[in-house]
Amino acid sequence: MLHWITDSRAGFVALLMVAFIVAIGVYVLPALMAWSMDSPHRIPITLLDLLLGWTVLGWVAALIWAVMSGNGDNFDDDRPPRRQEPWM
């Protein structure tokens, strides 16, 4: 299989397409994380990622912002139920 990729034009194009898809996935990772964790700042994070993500500093800032603001700064999805006081 490696011989097909290195010696044929079609293999090179296939490898290039896979690399491009992986690169786009990594590039939009902070925006995807912000949307999946229901961050209240998901639109600004997405804009920061799309506009300044090509710089490493902008991408890292968007990633940190997405992680810190997701889920209300609480990563425990299975919260214990609130204790209710007795009615009387």
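Good morning. I begin with Asp-38, which lies in the loop between helix 3 (29-36) and helix 4; helices here are DSSP runs of H or I of at least four residues, and strands are runs of E of at least two, numbered from the N terminus. The model is a predicted one, in which local features need pLDDT of at least 70 and side-chain atom pairs count only at pLDDT 80 or more, while totals for chains, interfaces and linings use all residues. Residues are numbered from 1 along each chain as its sequence is written, and side-chain values use heavy atoms, with hydrogens and water left out.

With a relative accessibility of 52%, Asp-38 counts as exposed, where exposed means over 50% relative accessible area, buried under 20%, and partly exposed in between (1.4 Å probe, protein chains only).

Which residue does the side chain of Asp-38 meet in a salt bridge? The partner is Arg-42, at 2.4 Å from N to O. The term requires a side-chain nitrogen of Lys or Arg within 4 Å of a carboxyl oxygen of Asp or Glu, and by this rule the model has 1 salt bridge. In general, side chains of opposite charge can pair when their charged atoms come close. Arg-42 counts as partly exposed because its relative accessibility is 26%.

Ser-39 is in the loop between helix 3 and helix 4 as well. Is Ser-39 buried or exposed? Ser-39 counts as buried, because its relative accessibility is 0%. The side chain of Ser-39 reaches the backbone nitrogen of His-41 at 3.1 Å. A polar contact of 2.7 Å also joins the side chains of Ser-39 and Ser-69. Such a contact is a pair of N or O atoms within 3.5 Å; within protein, one must be able to donate a hydrogen and the other to accept it, and residues adjacent in sequence count only if both atoms are side-chain atoms.

I turn to helix 4. Asp-49 lies in this helix and is buried, at 0% relative accessibility. The C-alpha atoms of Asp-49 and Trp-59 are 5.8 Å apart, although 10 residues separate the two along the chain. Ile-43 is also a residue of helix 4, but it is exposed, at 51% relative accessible area.

Ile-43 belongs to a nonpolar surface patch of about 800 Å², together with Trp-35, Leu-47, Leu-50, Leu-51, Leu-52 and Trp-54. Areas come from the Shrake-Rupley method with a 1.4 Å probe, and for residues only the protein chains shown count as cover. Patch residues have over 30% relative accessible area and no salt bridge; like charges are joined within 9 Å, and nonpolar side chains (Val, Leu, Ile, Met, Phe, Trp, Tyr) within 5 Å. Helix 4 (residues 42-52) supplies the largest share of this patch, 5 residues.

Next, the chain as a whole. It holds 5 helices and 0 strands, and 18% of its 88 residues count as buried.

At the start of helix 2, a side-chain oxygen of Ser-8 comes within 3.1 Å of the backbone nitrogen of Gly-11. Helix 2 (residues 9-27) has 19 residues and should span 27 Å at 1.5 Å a residue, which agrees with the 27 Å between its end C-alpha atoms; the expected span is 1.5 Å times one less than the number of residues.

Finally, an unreviewed UniProt entry places the feature "transmembrane region" at residues 12-35 and 47-68. UniProt positions follow the numbering used here, feature names are shortened, and annotations may be inferred rather than shown by experiment. Residues 12-35 are 96% helix and 0% strand, with end C-alpha atoms 34 Å apart. Residues 47-68 are 86% helix and 0% strand, and their end C-alpha atoms lie 17 Å apart.
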